[in-house]
Amino acid sequence: MMALVPYDRSSLPALSKLHDTSVEFHFANRRVRLTQDWNRLGVAAVVWDAAVVLCMYLELGQIELGGKAAIELGAGTGLAGIVAALLGARVTITDREPALDLLRTNVRDNIPPDQQGAAVVSELTWGEGLERFPAGGYDLVLGADIVYLEETFPALLRTLEHLSSARTAVLLACRIRYDCDRTFLHRAAAELRRGGGPLRGPEGHPHLQGDQAPDSLQSGALSHFYRAAKLQTLVEL
Ligand SMILES: C[S@@+](CC[C@H](N)C(=O)[O-])C[C@H]1O[C@@H](n2cnc3c(N)ncnc32)[C@H](O)[C@@H]1O
């Protein structure tokens, strides 16, 4: 079932930011300016708060990025993948085909010319054509606000399983909108542990919890719905 909800953007400031044609951030000692296009591409063409949370987490330095092979799923405008590349990772930034032009524009505009090779844009629809990507070939799998469509969960889980191995950190920053989102994260954590062998890395790896989040994230209830969690060590979101 679908519902059409008309709204007046001027009376809903939270929605009006979706209509901004560009947004700017500061990460990795650089200005990152991204083009948005909500009217043409919808959810894939605006920066979601989970992506900002994930970038803040990457900047905290808990995960080694230098020279690491990373892949971002459902990248949208590409913020998290771009920041991971600026912080030293070699990143494959992926989304469905309609999102790729804007993604390429944002990568080109924000990765310095001599580092362009650090970020490659590629089509990846969850669960499809996975053989194009090396099985277990990534040190890091990134996803910001990609746990939101229940019908995609089986394909998303297959994708996470294909891309990761015991050495992989899977970082998902999520806004939990429905119980099924949380259920999916627990299931994914369990499946990835099973497939990835014994737990690696420090126990109690610092998740980004509401009360531990950077100050700028603590205002408002929203921050309590975000977590950046290394799924291999995830116990409770
Ligand atoms: C809510 S947006 C998040 C975008 C971006 N990661 C961010 O946080 O700003 C969800 C993203 O998942 C992508 N997506 C949805 N279903 C997908 C699928 N089946 N395969 C690949 N990407 C998908 C959408 O195109 C969109 O870019």
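Here Ala, Val, Leu, Ile, Met, Phe, Trp, Tyr, Cys and Pro count as nonpolar, Asp, Glu, Lys and Arg as charged, and the others, Gly among them, as polar. On that basis, the shell around the ligand holds 14 nonpolar, five polar and three charged residues. This is a predicted model: local features need pLDDT of at least 70, side-chain atom pairs count only at pLDDT 80 or more, and totals for chains, interfaces and linings use all residues. Residues are numbered from 1 along each chain as its sequence is written.

**Confidence**
- The protein chain has a mean pLDDT (the predictor's confidence in each residue, from 0 to 100) of 80, and 75% of its residues reach 70 or more.
- Residues 196-227 have pLDDT below 50; beyond near neighbours in sequence, this stretch makes 48 contacts in the model. Two residues are in contact if their C-beta atoms, placed from the backbone, lie within 7 Å.
- Residues 232-237 also have pLDDT below 50, with 17 contacts beyond near neighbours in sequence.

**Overall fold**
- Eight helices and eight strands make up the secondary structure of the protein chain. Helices (H or I, at least four residues) and strands (E, at least two) are DSSP runs, numbered from the N terminus.
- Of the 237 residues in the protein chain, 39% count as buried. Buried means 20 or more other C-beta atoms within 10 Å of the residue's own, exposed means 12 or fewer, and partly exposed is in between; C-beta atoms are placed from the backbone.
- Among contacts with a separation of 6 or more in the protein chain, 70% join residues 24 or more positions apart.

**Ligand shell**
- The shell has 22 residues around the ligand; Ala44, Ala51, Gly74, Gly76 and Ala144 come nearest. A residue is near a molecule or strand if its C-beta atom, placed from the backbone, lies within 6 Å of it.

- The largest nonpolar core has 64 residues. Such a core is a set of buried Ala, Val, Leu, Ile, Met, Phe, Trp, Tyr and Cys residues joined through C-beta atoms within 7 Å.
- Ala51, Leu54, Cys55, Ala80, Val83 and Ala84 have the most contacts inside this core.
- Helix H3 (residues 49-60) gives the most to this core, with nine residues.
- Helix H4 (residues 79-86) is mostly covered, with eight of its eight residues buried. Among them are Leu79, Ile82 and Leu86.
- Gly88 follows H4 and has a positive phi, near 115°.

- Strand S1 (residues 22-27) and strand S2 (residues 30-35) pair in the antiparallel sense over six bridges. Two strands pair if DSSP finds at least two bridges between them.
- Val23 stands opposite Leu34 in S2.
- Two residues lie between the strands of this hairpin, where Ala28 takes a positive phi near 55°.
- Ala28 counts as partly exposed because 18 other C-beta atoms lie within 10 Å.

**Loops around S6**
- Most residues other than glycine have a negative phi.
- Asp145 is not a glycine, yet has a positive phi of about 50°. Asp145 sits in the loop between S6 and helix H6 (153-163).
- Asp145 counts as buried because it has 22 C-beta neighbours inside 10 Å.
- Ala135 lies in the loop between strand S5 (119-123) and strand S6 (140-144). With 12 C-beta neighbours inside 10 Å, Ala135 is exposed.
- Ala135 and Ser165 are 30 residues apart in sequence, with their C-alpha atoms 8.0 Å apart in space.
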